[in-house]
Number of protein chains: 4
Amino acid sequence: MMIVMKQDATEDEIQAVVDRVEGVGARTHRINGDELTVLGVLGDREHVMRLELEGAAGVDKLVPILKPYKLASSQIRHGEPSVFEIGGRKIGGSNFALIAGPCTVESREQTLGTAHTVAAAGATLFRGGAYKPRTSPYAFHGLGVEGLRLLAEAKAETGMPIVTELMDVRDLEPVLEVADVIQIGARNMQNYTLLTELGRAGRPVLLKRGLSATLEELLNASEYILKEGNEHVLLCERGIRTFETAYRFTLDLTAVPVLKELTHLPVIVDPSHAAGRRDLVQPLSLAAAAVGADGIIVEVHPNPDEAICDGPQQLVADEFAAYAEKVGQAAAVAGKTISTLAAAA
Amino acid sequence: MMIVMKQDATEDEIQAVVDRVEGVGARTHRINGDELTVLGVLGDREHVMRLELEGAAGVDKLVPILKPYKLASSQIRHGEPSVFEIGGRKIGGSNFALIAGPCTVESREQTLGTAHTVAAAGATLFRGGAYKPRTSPYAFHGLGVEGLRLLAEAKAETGMPIVTELMDVRDLEPVLEVADVIQIGARNMQNYTLLTELGRAGRPVLLKRGLSATLEELLNASEYILKEGNEHVLLCERGIRTFETAYRFTLDLTAVPVLKELTHLPVIVDPSHAAGRRDLVQPLSLAAAAVGADGIIVEVHPNPDEAICDGPQQLVADEFAAYAEKVGQAAAVAGKTISTLAAAA
Amino acid sequence: MMIVMKQDATEDEIQAVVDRVEGVGARTHRINGDELTVLGVLGDREHVMRLELEGAAGVDKLVPILKPYKLASSQIRHGEPSVFEIGGRKIGGSNFALIAGPCTVESREQTLGTAHTVAAAGATLFRGGAYKPRTSPYAFHGLGVEGLRLLAEAKAETGMPIVTELMDVRDLEPVLEVADVIQIGARNMQNYTLLTELGRAGRPVLLKRGLSATLEELLNASEYILKEGNEHVLLCERGIRTFETAYRFTLDLTAVPVLKELTHLPVIVDPSHAAGRRDLVQPLSLAAAAVGADGIIVEVHPNPDEAICDGPQQLVADEFAAYAEKVGQAAAVAGKTISTLAAAA
Amino acid sequence: MMIVMKQDATEDEIQAVVDRVEGVGARTHRINGDELTVLGVLGDREHVMRLELEGAAGVDKLVPILKPYKLASSQIRHGEPSVFEIGGRKIGGSNFALIAGPCTVESREQTLGTAHTVAAAGATLFRGGAYKPRTSPYAFHGLGVEGLRLLAEAKAETGMPIVTELMDVRDLEPVLEVADVIQIGARNMQNYTLLTELGRAGRPVLLKRGLSATLEELLNASEYILKEGNEHVLLCERGIRTFETAYRFTLDLTAVPVLKELTHLPVIVDPSHAAGRRDLVQPLSLAAAAVGADGIIVEVHPNPDEAICDGPQQLVADEFAAYAEKVGQAAAVAGKTISTLAAAA
């Protein structure tokens with residue numbers, strides 16, 4: 001860490017800061033500039049952080065140098081990306097995960113029908129929501145355990161691994177019975193209770209970036225999971241909140257190459273929720289694949305006009321195979337191939 | 001709701017939308033403009049919303065007219081603000097709540113000392129954290145139940161009602177034993193599990209606005225609590241995330257008069273977390289009082305340099321009485337008086 | 001336009017609004033809901049807008065239905081995109097414009113060298129700055145007319161049309177002598193003086209989106225140019241300002257398909273300024289091409305480490321041909337081909 | 001400046017950076033941490049900045065330590081605020097400037113009537129727009145020179161100094177004939193041509209913060225004026241663009257105390273444009289005064305319902321005296337008094 005002293009800091013103030021830093025066992029390295037003094041601090045970051053020197057007399061600002069997360073950082077794997085296997089499908093590296101399925105599990109017919117469609121088109125994982133976070137308390141909140149049962153049936157019929165969301169730590173057990181990947185929604189990205197429990201549960205987690213979370217905060221949130229010994233975290237960019245009102249969220253594709261430099265974890269993109277409109281899903285999917293994402297997660301419905309939730313953004317099941325082909329072409333430009341069971345074999 | 005059709009929508013497309021809307025029991029009212037057609041929809045909002053017509057052929061956009069929240073709205077009380085009583089102190093109306101105490105409960109001496117200081121200066125409620133949400137998993141997370149015990153002691157000694165944060169629904173019982181007001185932090189504003197349980201618990205709730213939550217989302221979140229029958233919700237503006245990096249968050253004081261028009265619930269401001277710097281806390285507190293807030297919640301510590309967390313933003317206990325006097329002057333300009341037990345008597 | 005009345009608006013207030021609207025020659029269409037009244041307004045938008053009814057007694061809000069821009073809208077060309085020809089190169093439609101060159105014209109060798117490199121790699125237009133807007137008054141501000149002279153020489157040698165920025169309306173004449181396309185920077189997007197003069201000058205304009213401009217504001221700005229009779233406007237997304245600090249700006253690729261629905265004008269993407277880092281330029285360029293942009297504008301330098309400005313984001317000239325090939329592959333996925341003189345022939 | 005090297009930077013890369021820095025005459029100071037190396041750089045900031053080392057091999061990031069602006073900084077006046085005199089009224093220090101008048105000069109009656117009203121209520125300066133920047137090219141753009149003539153008449157009748165906006169450098173001469181303070185609008189904050197000319201003109205300037213400008217950018221913009229020898233710059237916070245759509249802009253009052261720490265220049269707040277709604281203007285004005293602003297600039301109209309522009313946000317002239325009295329009370333809490341000719345005498 002660097003401690004930048006104010007231009008009018010006195011020698012006594014500078015010495016007091018040095019004493020406090022050295023009092024917790026760190027070393028200081030003083031640089032006397034023409035206009036101000038900077039102290040380089042060497043030693044345990046946590047100890048120095050706890051001093052909270054931002055408010056100390058004569059201190060202008062603290063400049064952190066090291067990243068606050070460790071297990072999520074690229075350095076820990078010397079720049080090598082993590083490659084996982086989920087239900088026999090490879091995730092990460094040159095493998096592109098095409099994750100598809102309905103927003104919400106509504107009925108047996110809708111769920112199994114969609115599962116067969118996306119399986120036939122070569123999707124990697126099947127997604128479907130049994131528990132739905134909704135802005136309004138008066139909206140539909142998912143089928144719950146009945147929804148989980150239908151997902152289990154889809155998995156049994158098609159062999160596809162399941163991605164589904166968990167919102168309440170008290171639902172962890174039934175979700176663990178079905179889910180191959182547990183999704184944490186954007187609004188729960190900093191629900192530390194949930195993150196810690198998922199770290200302990202050990203099942204792969206797809207962690208969505210909060211609407212206004214910085215990449216550093218996203219990586220810190222993943223660290224809550226990793227710290228408990230669960231190494232299988234997939235990060236997911238799903239659109240951030242900006243001033244623009246012409247679309248629901250602003251998909252932040254710059255986050256993809258930047259995350260891939262900062263962390264070894266795979267980076268997935270969710271173009272459906274960002275856009276909120278079906279006609280934007282394909283162009284944004286192609287862009288996500290071309291920018292180098294490790295996969296995308298999209299919503300598909302046999303008849304979106306009749307969907308209980310998020311109909312306007314769900315792809316039409318009949319058009320999914322053509323869409324998947326285009327996505328595969330864009331992924332190829334970035335040097336990746338859609339991951340399937342066959343591909344892994 | 002208004003349904004704006006595209007300029008090139010066909011008569012068939014318009015008719016199909018009319019049929020779907022009327023199929024769920026609502027009525028449509030058609031306006032044929034020179035360039036496009038608009039359909040006014042009368043009837044149950046929820047039924048029409050579920051049609052999710054945004055994606056239907058020929059539809060340009062849906063324009064909601066009514067607010068999605070009901071119990072939180074001003075209309076439900078015909079424009080009269082809610083006035084609560086918490087431990088004998090009035091909250092809302094012309095009463096200004098000065099809520100003060102340490103960021104974190106650290107020790108018996110620090111907690112009781114601060115409680116006596118703020119009580120003597122005429123504070124309304126005493127705040128202190130036993131459970132602390134932290135961005136990094138490696139940071140200090142609070143004393144937990146031991147912290148709650150110290151808060152109970154502070155209450156027994158000073159008679160001040162207690163405000164403390166709940167993060168994990170599994171800690172609800174011990175928190176209920178001590179807290180007069182349960183605080184929900186910004187990162188949990190849309191933790192619907194927690195909101196629903198607090199609605200059922202019936203204890204007053206101080207609900208902080210999420211870092212990037214719109215006022216409508218904040219009111220929707222309060223509706224989760226109100227819907228369960230708990231009428232005692234205090235909303236709290238604590239700074240939003242913007243592009244500016246010169247300070248931690250941007251305190252959004254425009255939210256105060258706008259919320260007071262939209263809802264009957266009291267509106268509190270937290271200048272400490274927004275600013276993150278002690279020297280900004282007093283000017284922002286005066287501004288919050290002058291803009292018409294129903295109270296402020298601030299952090300105070302006997303020796304902030306030694307605080308375990310958020311030291312740089314905590315007010316110095318010795319200076320609190322002078323600060324409280326200035327805040328009272330600013331509240332007076334907005335027609336409010338700091339609320340105390342004596343004032344209520 | 002729709003005028004939404006407050007829930008407690010009186011009959012007199014509603015009638016007063018109707019009278020004012022009809023007083024300027026528009027018609028009203030009244031919808032009486034259970035909870036409130038909405039007035040549909042038919043007639044000249046400008047006249048009604050000037051009434052500024054937002055503040056009138058009983059009015060809750062105004063909801064505009066029609067877009068405020070006309071000449072830029074898709075409707076005016078019935079959904080057909082504009083295709084221009086600039087120096088024999090086609091812009092728009094299935095043509096992808098690869099615009100490349102140095103950030104700043106620094107010397108004869110650097111300018112001509114880069115021009116030959118990008119010409120050989122099949123770039124569509126040559127860009128280079130003679131006048132540079134800089135945040136600090138103490139920074140380098142470009143070579144001015146000497147820079148323009150070097151651009152003219154590059155054009156004479158390579159035949160490539162020139163894109164260069166204009167900041168001061170008093171420099172218009174010398175810029176017109178060289179520029180085939182005049183660039184307006186993000187900070188000048190709402191410099192209405194400049195926009196109007198460029199509308200009159202008639203030369204094609206590349207108009208960059210302001211750092212926090214909505215798409216509607218960008219289209220309104222283009223309307224200032226179009227209104228003067230200049231039909232050749234290229235819109236340019238170059239990154240918006242958000243809360244994220246991990247990169248300079250957040251490239252908003254969702255803007256591309258949304259703009260292409262709203263307007264017939266070509267949409268170009270500038271990945272260099274958004275990212276501010278060379279290693280991000282290629283992934284973002286591929287994403288821009290895959291999302292359906294009509295072109296990209298990138299910075300190239302023979303030796304970026306020695307560049308006078310923006311060195312860290314400039315592509316290395318020696319690597320440009322390989323880069324251009326990848327961009328061509330990504331454009332192909334979106335159905336476009338890099339536009340060259342040969343391609344147009 | 002600090003140069004943070006990457007964790008895997010080689011000794012050769014570090015040495016190459018040292019060589020480049022020392023090659024422009026600066027000195028380096030090396031700190032070898034356990035995980036990475038940091039180079040402190042001492043010497044001419046501009047020279048080192050021009051190296052643009054962000055992209056150099058082995059460099060992680062550059063951390064600027066000194067502020068890029070000089071003449072605007074607090075240090076240059078050793079923490080003393082600037083106090084100006086404009087038409088005999090003091091601006092800055094303990095003087096609170098109440099600047100009021102119509103958004104747009106519409107007619108002789110409206111202009112003179114408002115001028116007399118605000119003068120009688122003790123306003124400090126009179127504002128009125130002759131040239132109006134408008135988002136749409138089809139909107140009203142002001143009376144131009146005829147408007148300036150009416151402002152001159154208002155000044156002659158009431159003795160109040162005039163604040164009016166300049167948009168086009170070609171209008172500078174007629175504006176100089178009337179204006180005591182020249183206003184630069186938010187959209188022109190980085191119109192460097194205009195800033196430089198105003199620096200040369202020497203007349204006091206009220207410089208509005210851009211919609212998404214950081215405080216550092218605002219201070220850099222003021223530096224363009226100061227650098228030309230014009231010391232009389234008033235900074236103006238007028239609301240920033242955020243994700244919130246419940247109001248037009250988010251008034252950033254945290255900027256006031258932070259600017260007052262960073263610069264000696266007076267800081268004015270414009271609550272009218274931020275809010276866009278009359279009912280918010282008084283609460284925000286009181287907050288601005290309480291937070292420690294050096295003044296506010298508000299819009300007043302004898303009959304806002306008939307105003308040509310911005311009617312909904314203009315205060316009603318008849319209510320201005322009562323409003324001014326409340327503002328004076330709030331300013332008093334922050335230790336300031338409304339500045340008038342009498343007060344200065």
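**Entry 1: chain C against chain A**

I began with the contact between chain C and chain A, which takes 35 residues from chain C and 35 residues from chain A. I keep in mind throughout that this is a predicted model.

I then turned to charged pairs, and the rule finds four salt bridges across the interface of chain C and chain A. I looked up the one that joins the side chains of Glu261(A) and Arg277(C), where the distance from N to O is 2.7 Å. On the side of chain C that touches chain A, the elements giving two or more residues are α8 (255-262), α10 (278-291) and α11 (320-333) of chain C. Of these I marked α10(C), which gives the most to that side, with eight residues. When I sorted the residues of that side of chain C by kind, they divided into 21 nonpolar, six polar and eight charged.

**Entry 2: chain A against chain B**

Next I looked up the contact of chain A with chain B, which takes 48 residues from chain A and 48 residues from chain B. The area buried between chain A and chain B is about 4000 Å², and carbon and sulfur atoms give 46% of it.

How many salt bridges does the rule find across the interface of chain A and chain B? I found four for this pair of chains, and I looked up the one in which the side chains of Arg170(B) and Glu197(A) meet at 3.3 Å, N to O. Across this interface I also noted 17 residue pairs in polar contact, again with both residues at pLDDT 80 or more. The elements that give two or more residues to the side of chain A that touches chain B are α2 (45-50), α6 (192-201) and α7 (215-226) of chain A. The largest share of that side comes from α7(A), with four residues. Sorted by kind, the residues of chain A on this side are 18 nonpolar, twelve polar and 18 charged.

**Entry 3: strand β1 of chain C**

I moved on to strand β1 (residues 2-5) of chain C, where Met2(C) and Val4(C) point one way while Ile3(C) and Met5(C) point the other way, and all are buried. I followed β1(C) to strand β4 (residues 59-63) of chain C, with which it pairs in the antiparallel sense over four bridges; there the bridge partner of Val4(C) is Lys61(C). β1(C) also pairs in the antiparallel sense with strand β3 (residues 37-42) of chain C, over three bridges, and in β3(C) I found Leu39(C) as the bridge partner of Ile3(C).

**Entry 4: Ala275 of chain D**

Last I looked up Ala275(D), which is found in helix α9 (residues 271-275) of chain D.

Is Ala275(D) buried or exposed? I noted it as buried because its relative accessible area is 3%, and the cut-off for buried is under 20%. Leaving out residues up to four places away in sequence, I found that Ala275(D) touches Arg248(D), Leu280(D) and Leu284(D). I also checked Arg238(D), which lies 37 residues from Ala275(D) in sequence and 9.0 Å from it in space, C-alpha to C-alpha.

Note on methods: Residues are numbered from 1 along each chain as its sequence is written. Chains are lettered from A and ligands numbered from 1 in the order in which they are written. This is a predicted model: local features need pLDDT of at least 70, side-chain atom pairs count only at pLDDT 80 or more; totals for chains, interfaces and linings use all residues. Side-chain values use heavy atoms; hydrogens and water are left out. Contact means heavy atoms within 4.5 Å. Ala, Val, Leu, Ile, Met, Phe, Trp, Tyr, Cys and Pro count as nonpolar, Asp, Glu, Lys and Arg as charged, and the others, Gly among them, as polar. Buried means under 20% relative accessible area, exposed over 50%, partly exposed in between (1.4 Å probe, protein chains only). Two strands pair if DSSP finds at least two bridges between them. Buried area is the accessible area (1.4 Å probe) that two parts lose on being put together, summed over both. A polar contact is a pair of N or O atoms within 3.5 Å; within protein, one must be able to donate a hydrogen and the other to accept it, and residues adjacent in sequence count only if both atoms are side-chain atoms.
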